[in-house]
Amino acid sequence: METFERTSEGNDTVSLHQLTEFLRNTYPRCDDDEKFGARAHHIFKKYGGTDALSRDGFLCLWNTLLEKCIKPKSALVVVDYQNDFIDGSLSLKKCPLGDDPELLLPRLNEFIVKSDEVVYSLDWHPEDHISFIECRNRRKTHESNRIDPGAVKVAEELFFEIQGRPYIQKMWPRHCVQHSEGARLHKDLVVKEGAIFVYKGTDPEVDSYSAFWDNRRSSKTNLKESLLERGITNLIVVGLAFDACVLFTALDAIREGFTTCVVRELTSAISEATIEEAVQKLTDAHCPRISFDAAYRMLSGGPLPWIFVWQQACQVSLVRDTCCPSSPASDREIDESD
Ligand SMILES: [Zn+2]
């Protein structure tokens, strides 16, 4: 492997110094990260132990982490840009921030047109979905509720009893009912031919904020498989709402092994308080919020900034055993506090 030969300068192994230089010379913006040195060391230890990185260790690192950050194939993920969230029963215009998702349309459409690969997720509920406040009396509630289920208000939480256990659910007005006008994508949104469509929240008994997994992580959509079939490695997540389904889709995308970022300018949000929580969760997951221009440049390929390598390094132990069974020495997850 040519990259190994070059990085090891003709030796059998790669030293910590050689790996660090390779990372610094390959991925943009390493120097923006004040923990870069320590994090490079973590990666070195994880794949090579304490002394040196063998050819196998380097290959494993390359296959699980480095390659997808050098030659990313990007897809734009447009989350829930549906009538009910824009002008309908769950309109963001009526939420505390008063964001107007229609203002996103010109740039959102520009981005969709420019993207080779686009994913549209749709909230797609049956008539009697568990999240609908109108249906709150149709299911058994759990004894742990502090409020009278009959008096619950929109955006408050109820515990339902499912297989004897409490299941928490935030209550919303009926929205995005399958095949209804409210569930349709906004009429002016560009819909790209050959795009991937993902329908979530289709089980009446489980809600689903993420386009990958339902909220109980009991079942998943086919999104991951569809992305892998097309060789997509990098996701640019936009849409509605930043502090709900965009957030949970981005977090799951990272866990599923896709380098992931969010373009905040191409999202609308619910409230200041939930934005703050969302930003914290994305920061903890090393998920960058990037500008429209930076995201646009990303579509032309080229190595991703260093933060994406670290974002995925923090996930690697979840998948590593299937990629390279014999190699790395340390089995524990990367611990940022070290
Ligand atoms: Zn919903």
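These legends go with several close-up views of one predicted model.

**View 1. The whole chain, end to end.** Residue numbers start at 1 along each chain, following the sequence as written. Since this is a prediction, local features need pLDDT of at least 70 and side-chain atom pairs count only at pLDDT 80 or more, while totals for chains, interfaces and linings use all residues. You'll find twelve helices and seven strands here (DSSP runs numbered from the N terminus: H or I of at least four residues for helices, E of at least two for strands). The radius of gyration is 22 Å, close to the 20 Å from the globule rule for 338 residues, so the chain is as compact as a globular protein of that length (taken over C-alpha atoms; the rule is 2.2 Å times the number of residues to the power 0.38). Some 43% of the 338 residues count as buried (20 or more other C-beta atoms within 10 Å of the residue's own, with C-beta atoms placed from the backbone).

View 2. Strand 6 (residues 234-240) pairs with strand 7 in the parallel sense over six bridges, and Ile236 stands opposite Cys261 in strand 7.

**View 3. Inside the largest nonpolar core.** Val77, Val78, Ile236, Val237, Ala241, Val246 and Ala250 touch the most other members of this 61-residue core (a set of buried Ala, Val, Leu, Ile, Met, Phe, Trp, Tyr and Cys residues joined through C-beta atoms within 7 Å). Helix 8 (residues 242-255) gives the most to this core, ten residues. Leaving out residues up to four places away in sequence, Ala250 touches Val237, Thr260, Val262, Leu282 and Cys287 (contact means backbone-placed C-beta atoms within 7 Å).

**View 4. The second core.** This separate core has 25 residues, including Leu19, Ala40, Phe44 and Phe308.

Note on methods:
Buried ≥ 20, exposed ≤ 12 C-beta atoms within 10 Å, placed from the backbone. Contact = placed C-beta atoms within 7 Å. Pairing = 2+ DSSP bridges.
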